[in-house]
Amino acid sequence: MQQPPKSRKGKPALTDTGPARLQPLPRKSLSELTLDFIRTAIHNGDSLPGERLVEQTLARQLNVSRGPVRDALRELEREGLVVSQLNRGTYVSHLKRDDLEEIYSLRLVLEQLAMRLACRHADDTHLAEMNKLIDEMTEAVSKGLTARECVEFDLRFHDEIYAASVHKRLIGFWEILRPQVKTFLLERNMELKDYGEIVVPFHRELLDVIIRRDEDEAVRLIRSHIDNAFEPLAKRQDRSGVTGPLAQ
């Protein structure tokens, strides 16, 4: 059988055929790029809760047709980041007390199950990814972690917990809820000023309990984590009526 050509170091050379062929990078559609841009603007606080999002204005600003903007707003409504009102238009969502309660209660159910399943199914690859993220968190904290960076690390770690659950439908529900959880956590960090001090120890504790396969302790820890995220924001909402603006 013909062998693939070798490079000077004895490794397979890059060719159009064979195991060494590079795979093309995934390309995003115009609608996906538009969605990413508007979602990021909301999470960055460039578009504040209650602000109206006008299709035609966004299309002109982004130099796209109204179709991709319409698709993006439809998806953002599904994610709970915007709300459309008949004859009034589309607005960036406020997180009202009912919204907070729903996000909290649903996340609690999903993550308790995810932690139990991760304790059962996490393999060396899953554990290595979690450990790598903790190392990255540690380095970021030493350089001065921002509130927004903390949220990104938090969500990426929880992505790995769901991946370790090896439960496709559970992962699918997390992907739907994730954008709202991100908004929730960005708001939370306006109240929680010591996030940089607790993010590494807590996620190290989560990893350790998954390694030990201790399902009951894993559920206790994740419930405590979610409670601690919910309570400061709920108190703030009770004082002000709505949350916002997003953390800077």
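**Exercise 1. Find the residue in β3 that arginine 52 stands opposite, then work out how the strands around β3 pair.**

*Solution.* Arginine 52 stands opposite tyrosine 91 in β3. Keep in mind as you look that this model is predicted.

Step 1. Place the strands: β1 covers residues 52-53 and β3 covers residues 89-92. These two pair in the antiparallel sense, over 2 bridges.

Step 2. Now turn to β2, residues 82-85, which also pairs with β3 in the antiparallel sense, this time over 4 bridges.

Step 3. Follow the chain from β2 to β3: they form a hairpin with 3 residues between them. In that turn, asparagine 87 has a positive phi of about 65°.

**Exercise 2. Decide whether tyrosine 104 is buried or exposed, and list its contacts beyond its neighbours within four places in sequence.**

*Solution.* Let's begin by locating the residue.

Step 1. Tyrosine 104 belongs to helix α4, which spans residues 97-121.

Step 2. Its relative accessibility is 15%, and buried means under 20%, so tyrosine 104 counts as buried.

Step 3. With neighbours within four places in sequence left aside, tyrosine 104 is in contact with Arg223, Ile226, Asp227 and Phe230. With aspartate 227 there is a polar contact, side chain to side chain, at 2.5 Å.

**Exercise 3. How far apart in space are tyrosine 104 and phenylalanine 184, C-alpha to C-alpha?**

*Solution.* Along the sequence, 80 residues set tyrosine 104 and phenylalanine 184 apart. In space, their C-alpha atoms are 9.0 Å apart.

Note on methods. Residues are numbered from 1 along each chain as its sequence is written. This is a predicted model: local features need pLDDT of at least 70, side-chain atom pairs count only at pLDDT 80 or more; totals for chains, interfaces and linings use all residues. Side-chain values use heavy atoms; hydrogens and water are left out. Buried means under 20% relative accessible area, exposed over 50%, partly exposed in between (1.4 Å probe, protein chains only). Contact means heavy atoms within 4.5 Å. A polar contact is a pair of N or O atoms within 3.5 Å; within protein, one must be able to donate a hydrogen and the other to accept it, and residues adjacent in sequence count only if both atoms are side-chain atoms. Two strands pair if DSSP finds at least two bridges between them.
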